[in-house]
Amino acid sequence: MQEKKSLWKFGTKQVVYAAIGAALYAVLAYATNMIQLPGAGNVSFRPAVVIPMFFGIAFGPIVGFIAGFVGNILADLLSGYGFWFWWDLGNGLLGLVPGLIYPLIQDYKAGKSILLAELFVVLGSAVGMGVAALSEMWVSGADMNTVIFANFLPAFIPDVVNGLVLVPLLMIAYAAVTQRSGRS
Amino acid sequence: MLVSWHYKYRGSPMDQIDPRARWIFSFAFLVAATSTWNSSMLAVLFLIAVIWYSLGRTSWKETRRGWTLVLIMLFTMIVVNTIITGGGAGGVVPEGGQLVWPEGLRLFGKLLKPGLTVDRIWFALCQLMRIGGISMFFILIPYTMDSRSYGATFSKLGLPDKLAYTIELAIRFIPSLARSFSITLDAQRARAFELDDVKGGIVRKIGRIAPLIIPVTMNAILSSEDIANAMDLRGFGQRKRTWLFELKYHWWDYAVIAFGLLIVAVSLILVYGYKLGAFTVPPFFYQLFQ
């Protein structure tokens, strides 16, 4: 029997999932920075952004938010970039928004579930990077053009592309793993 | 892959300040700095940031990576958007103003008419002080704050235990997940997995990262169930948590907090009480360009 999914539950399991998500995000962001994706020019692609998105979809919005928020803080600490609260918050929202569909998904490999997840990946990237980029108006005094072209689009486009490609693959793999291990 | 924290004990004054006091002071500074575009106020805040940064006793070699990121951001914000295109000055700097080259600028035999104004140069200086000051506060953190202190610090600052422990747990997971990533990378390379020379579009290139990300993620998820069960068996979340990393306030920590609150209070009074927060160019600066 499948356990009823509660959107805002934060018990022991969620604590561990959130911690693993945050650590994974930090490690993968750090590692892919080191490896450098070939051919991406000087555009910084961070495939690790799929971790908060997927953890949100698989374990709920709070887990997704913490995986993104804490994961980005840890990734920046590991890389020595400092602490940028508003971008951490944006990364948190990147995981929270896709997490809102968590109770609606029962079969992670169903086409409908994947389509819904893709939609919320785009929405999550728009909200997350939008909030982070808009905060630059408050912090740096940037105007709307600067915010859109220098902050929002260079962050939003790679995040969406990474999410659209990798989130379905993670969902299908997760469906196989849960089926094989008998987890719900 | 070696994942290591940048923190090391330096015996610096910053090492003696309680992390809670440091977070409170840093956020107080952020509030104060973002409340104003008044150059005099920003200059005072910038000076405070320089003194604060010097207390960390970090070297350029250590912090170079963080500063490179900030310098790129500053370059984009200030040089391109404020000085060249004038974009970043929108909303704060009034339209018009005194042109730096009213007669035009002759460059390589061509007469150019750049729209750069004295006001925008002054605004760029204000941006430099504001972003530079904030950066000094927040770049210092990875180098001067012990990563073991994060969970205890946020818990003592009022964050619920479960959230604080999530941060603590995430920090503890990093070495084992980095090892797992490294093993997976080696294993995939042994199977002729090619990451360094992939032909094709961006989608194909991102897809190539999947054989790395998926096994590491799924292994981590599978192991999490055991960890959660072990935590439940030990009664996790049943009582208020205690922390191995002990934090203790000293008199100087109270002084740092009080100073932080004073900075915020004075800034807000000047900005909202005396209306001194607006951007203005001092007359002497106009005269420099006449």
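**Close-up views of a two-chain predicted model**

**View 1. A salt bridge in chain A.** In this predicted model, the side chains of Lys109(A) and Asp107(A) form a salt bridge, with N and O 3.9 Å apart. Lys109(A) is partly exposed because its relative accessibility is 44%, a value between the 20% and 50% limits. Asp107(A) is also partly exposed, at 35%. A search over all chains of the structure finds 8 salt bridges.

**View 2. The fold of chain A.** Chain A has 6 helices and 0 strands. Read from the N terminus, the order of its elements is α-α-α-α-α-α. Of the 184 residues in chain A, 67% are buried. Consider the contacts in chain A between residues at least 6 apart in sequence: 76% of them join residues that are at least 24 apart.

**View 3. A salt bridge between Glu62(B) and Lys8(B).** In chain B, Glu62(B) and Lys8(B) form a salt bridge, and their closest N and O atoms are 3.6 Å apart. Glu62(B) is in helix α4 and Lys8(B) is in the segment before α1 (13–16), so the pair ties together parts of chain B that are 54 residues apart in sequence. Glu62(B) is partly exposed, with a relative accessibility of 22%. Lys8(B) counts as partly exposed as well, at 46%.

**View 4. A salt bridge between Asp161(B) and Lys240(B).** The closest N and O atoms of Asp161(B) and Lys240(B) are 3.6 Å apart, and the two residues form a salt bridge. This pair links distant parts of the chain, 79 residues apart: Asp161(B) is in helix α7 of chain B, and Lys240(B) is in the loop between α9 and α10 (251–273). Lys240(B) is exposed, at 66%, and the limit for exposed is over 50%.

**View 5. Surroundings of Arg20(B).** Arg20(B) is a residue of helix α2 in chain B. With a relative accessible area of 7%, Arg20(B) is buried. Which residues does Arg20(B) touch, leaving out those up to four places away in sequence? They are Thr153(B), Lys156(B), Leu157(B), Leu247(B), Lys248(B) and Tyr249(B).

**View 6. Arg172(B) in helix α7.** Helix α7 of chain B covers residues 161–190 and contains Arg172(B). Arg172(B) is partly exposed, with a relative accessibility of 48%. From C-alpha to C-alpha, Arg172(B) and Ala228(B) are 15 Å apart in space, while in sequence they are 56 residues apart.

**View 7. The two domains of chain B.** The domain assignment divides chain B into domain 1, made of 28–146 and 248–288, and domain 2, made of 153–233. Taken over C-alpha atoms, the centres of domain 1 and domain 2 of chain B are 38 Å apart.

**View 8. The interface of chain B and chain A.** The size of an interface is often given as the accessible area lost when the parts come together. Between chain B and chain A, the buried area is about 6,000 Å², and carbon and sulfur atoms give 79% of that area. In chain B, the residues that lose the most area to chain A are Arg65(B), Ile206(B) and Ile221(B), which together give 11% of what that side buries. The contact takes in 75 residues of chain B and 66 residues of chain A. There are 0 salt bridges between chain B and chain A. The polar contacts across the interface come to 2 residue pairs, both at pLDDT 80 or more.

**View 9. The side of chain B that touches chain A.** The elements of chain B that give two or more residues to this side are α2 (19–34), α4 (60–84), α5 (118–144), α7, α8 (202–207) and α9 (210–233). Which element gives the largest share? It is α9(B), with 17 residues. By class, the side of chain B that touches chain A has 52 nonpolar residues, 16 polar residues and 7 charged residues.

Note on methods: Residues numbered from 1 in each chain as written. Chains lettered and ligands numbered in written order. Predicted model: local features only at pLDDT ≥ 70, side-chain atom pairs only at ≥ 80, totals over all residues. Heavy atoms only, no water. Domains from an automatic or database assignment. Helix = DSSP H or I, 4+ residues; strand = E, 2+ residues; numbered from the N terminus. Buried < 20%, exposed > 50% of the residue type's maximum accessible area, 1.4 Å probe, protein only. Contact = heavy atoms within 4.5 Å. Buried area = accessible area lost by both parts, 1.4 Å probe. Salt bridge = Lys/Arg side-chain N within 4 Å of Asp/Glu carboxyl O. Polar contact = N/O pair within 3.5 Å; in protein donor to acceptor, adjacent residues only side chain to side chain. Nonpolar A, V, L, I, M, F, W, Y, C, P; charged D, E, K, R; others polar.
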